[in-house]
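Please take a moment to look over the sequence and the fold before reading on.

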Amino acid sequence: RADHIAAALSGVEVETPALDALARRGVLFERAQAVSCITLPSHAAMLTGVHSRDLGIVDNVTALTPEAQTLAEAFQAEGYRTVAAVSALTLGHEVSGLSQGFERVSAPAFGTKSGEESVDQLLEWIDEFRGQPVFAWLHLYDPHAPYEAPDFDQAFLLEARAASGDD
């Protein structure tokens, strides 16, 4: 959330050095919204640039049609290596159709897999392509319930609550 990332200039004094460094090196979207609260429609829109309702994808079981142009296909046409690691079966090609244009895809055979497993696979592939342009898509399921947040400095939480007036 923007109110918990220093680079987002949220007014809350937090330290998020890794995310801040990423924002400095890349593009920081300060006003981004998902087209849907449902996984597949949201990812279909992100990977095609077309609203999910216009794609006809409004649930987690309607696959993208082969006629749709994906971001991966556009990058591949420009000479990029394309890899994807997703942590939920819903985003695997058999269900979603979203693997169009990815030369390598890792998805669970059923259910979900850990973010650590997805990240490790993606990093392995990226390492193989060292020196080549790479477009990578990483999806992590870990933030879903039950979310087990790592330990963090409680002072940031107390400061955020104080700033918002919540007690």
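What follows is a short walk through this structure.

This is a predicted model, in which local features need pLDDT of at least 70 and side-chain atom pairs count only at pLDDT 80 or more, whereas totals for chains, interfaces and linings use all residues. Residues are numbered from 1 along each chain as its sequence is written, and side-chain values use heavy atoms, with hydrogens and water left out.

The protein chain holds seven helices and three strands, where helices (H or I, at least four residues) and strands (E, at least two) are DSSP runs numbered from the N terminus. Along the sequence, these elements follow the pattern α-α-α-α-β-α-β-α-β-α. Of the 167 residues, 29% count as buried, a word that means under 20% relative accessible area, while exposed means over 50% and partly exposed lies in between (1.4 Å probe, protein chains only).

Helix α1, which spans residues 17–25, contains Asp20. If its neighbours within four places in sequence are left aside, Asp20 is in contact (heavy atoms within 4.5 Å) with Ile5, Ala6 and Ala7.

Helix α6, covering residues 115–128, contains Glu116, and Glu116 counts as exposed because its relative accessibility is 60%.
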